Amino acid sequence: MELQKMANGHHDLSPDKITLENGFDGLENITEVDTFLPNKSNGKIETKFTDFEGKTSFGMSIFNLSNAIMGSGILGLAYAMANTGIILFIILLISIALLSAYSIHLLLRSAGVVGIRAYEQLGNRAFGPPGKVVAACIITLHNIGAMSSYLFIVKTELPNIILGLMKLPDDSHEWFVNGKYLIIIVSIFIIFPLALLKRLGYLGYTSGFSLTCMVFFLTSVIYKKFVTECNGEYSYNSTLLNHTVHYTSDTCEAKLGTLNSKTAFTIPIIAFAFVCHPEVLPIYTELKQPNKKRMQKVANISITAMFVMYLLTAIFGYLTFYENVESELLEMYDKADTLMLCVRLAVLVAVTLTVPVVLFPIRRAVLQLLFPDKPFHWVLHISITVCLLFAVNLLVIFVENIRDIFGFIGATSAPSLIFILPGVFYLRIVPEEQEPLKSRPKIQAILFVAMGFIFMIMSITFIIVEWVTGQKGMSGH
Ligand SMILES: NC(=O)C[C@H](N)C(=O)O
């Protein structure tokens, strides 16, 4: 296969036409042709993708990428803020948002050199088949984790919503308030049809709706801050002083900076919240009039918009419950409150509509690994989708706590996808002649990779310490 030859020939920029099997793009019998056009002004090689003519508009691509960023991660941010204080949290949030955008720059730059917009193919180009396998496995692991956390929300929240709306007693045993059945129903009737769509671009509308639901969630979190009294306020009658004494415990005080044993979990939580990297190249593939600058703009706008939503959710969630806030913000609100029932429903709809977007790169990775030479085929497309949904359903039915998923994925695959892989691919793919190892961009990339390793080792260490000591770090459940 020509692609294989090309992918194995490191730094070979000579071909002006590459034929790609299209299976991994989910595109029917379309041949990808990339033309490398020399940019005469500065002598650099610039890639023009004429492979697949993308039809997805700039706006729809922003919706899709924002939807890929936004997921269950937002629910853990107020908890993260409670363990860092407002200032440290803002510093971390800004840093990770910036690093995430830089990481996308590295991915787009590498894809431009290789001429193929697929994460696994960057791995292939950088390290040959092992690189491809590692990239595909990490994407699969991460996105299965993300999908599981979304379905977990459906499993735990949907029964509460139904109980609340139908005014049934909490101990009702009806089948339709059993989370296990409900996720199966949601998977079959909502997720499966959407996941079958051949192109991510078609999901732009559902992504837009999903984001609207999250805006409703955010508005309600802000509103609730102003109508909820913190429970840390106590008053008692002093017989000695003969009047009522009010005193406020410091659980209701906002902390600007704090460090405790749970602070270490903040980085994995925020890193997880910003992961969208497996979706970046598929979205780029479908972007209309694609070029690196345009795609980077899509990424920057999406990251900025989600940054604002994350910041507001964290601040107002934290300022409502202060130190008492749990790792899953929704758990904090009264289950009988009709507004909050609607908010729960909105979050649930939002994460359900994110599942097909997150499933897309896994199917692509599986196709690349197991059937690299097969052109698009509906049977394969449908079978992989069914298997993936089946596996994730099983996982969610048997894994008891969302924090296990959050903690482990945030600690391993998130730093790999954001820092390590894009950095390493960039270092290997961008030719020495174009950028020597001692050039500023390459040194930056080396530091970026080092940072990824430090984050990963740090997070894994904390998780192991937590397991060994049996201390619950991330959860208030
Ligand atoms: N797309 C992902 O991998 C996770 C997403 N950033 C979230 O917060 O749920």
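Trainee: How many cavities of 30 Å³ or more are there in this structure?

Mentor: The count comes to 5 cavities of 30 Å³ or more. A cavity is a set of points on a 1 Å grid, laid over the protein atoms alone, where a 1.4 Å probe fits but cannot get out. Before we go on, this is a predicted model: local features need pLDDT of at least 70, side-chain atom pairs count only at pLDDT 80 or more, and totals for chains, interfaces and linings use all residues. Residues are numbered from 1 along each chain as its sequence is written, and side-chain values use heavy atoms, with hydrogens and water left out.

Trainee: How much space lies in the largest cavity?

Mentor: The largest cavity holds about 90 Å³ of space. A volume here is the space filled by probe spheres set on the points, which are joined across faces, edges and corners.

Trainee: Which residues of the lining lie nearest the centre of the largest cavity?

Mentor: Lining residues have an atom within 4 Å of a point. The largest cavity has 15 of them, and A68, H142, A146, Y150 and V275 lie nearest its centre. Helices α2 (58-69), α6 (129-165) and α9 (266-274) each supply at least two residues of this lining. The largest share, 4 residues, comes from α6. Helices (H or I, at least four residues) are DSSP runs, numbered from the N terminus.

Trainee: Which residues are around the ligand?

Mentor: A residue is near a molecule if one of its heavy atoms lies within 4 Å of it. Around the ligand are A68, I69, G71, S72, G73, H142, A146, Y150, F272, A273, V275 and Y310. Look back at the cavity: A68, H142, A146, Y150 and V275 lie nearest the centre of the largest cavity, and these residues are also among those around the ligand.

Trainee: What lines the second largest pocket?

Mentor: A pocket is an open set of points with protein on both sides within 12 Å along at least five of seven lines. The second largest pocket holds about 220 Å³ of space, and its lining is made of I184, S187, I188, F192, V386, L389, F390, N393, L394 and I397. Helices α7 (179-195) and α13 (378-398) are the elements that give two or more residues to this lining, and α13 gives the largest share, 6 residues.

Trainee: Is I188 buried, partly exposed or exposed, and where is it placed?

Mentor: Buried means under 20% relative accessible area and exposed over 50%, with partly exposed in between (1.4 Å probe, protein chains only). I188 sits in helix α7 and is partly exposed, with a relative accessible area of 46%. I188 and V386 are 198 residues apart in sequence and 9.3 Å apart in space, C-alpha to C-alpha.

Trainee: And what about T385: buried or exposed?

Mentor: T385 belongs to helix α13 and is buried, with a relative accessible area of 0%. Within protein, a polar contact also needs one atom able to donate a hydrogen and the other to accept it, and residues adjacent in sequence count only if both atoms are side-chain atoms. The side chain of T385 reaches the backbone oxygen of H381 at 2.6 Å.

Trainee: What span should helix α11 have?

Mentor: The expected span of a helix is 1.5 Å times one less than its number of residues. With 30 residues (292-321), α11 should span 44 Å, and its end C-alpha atoms are 43 Å apart, which agrees. Of its 30 residues, 21 are buried, so α11 is largely enclosed by the rest of the structure. At its start, a side-chain oxygen of N291 comes within 3.2 Å of the backbone nitrogen of K293.

Trainee: Which residue follows α11, and what is its phi?

Mentor: Most residues other than glycine have a negative phi. Y322 follows α11 and has a positive phi, near 50°. Y322 lies in the loop between α11 and α12 (338-370), and is buried at a relative accessible area of 12%. Q289 is another residue other than glycine with a positive phi, near 45°. Q289 is in the loop between α10 (277-286) and α11, and is exposed at a relative accessible area of 56%.

How values were computed
Polar contact = N/O pair within 3.5 Å; in protein donor to acceptor, adjacent residues only side chain to side chain.
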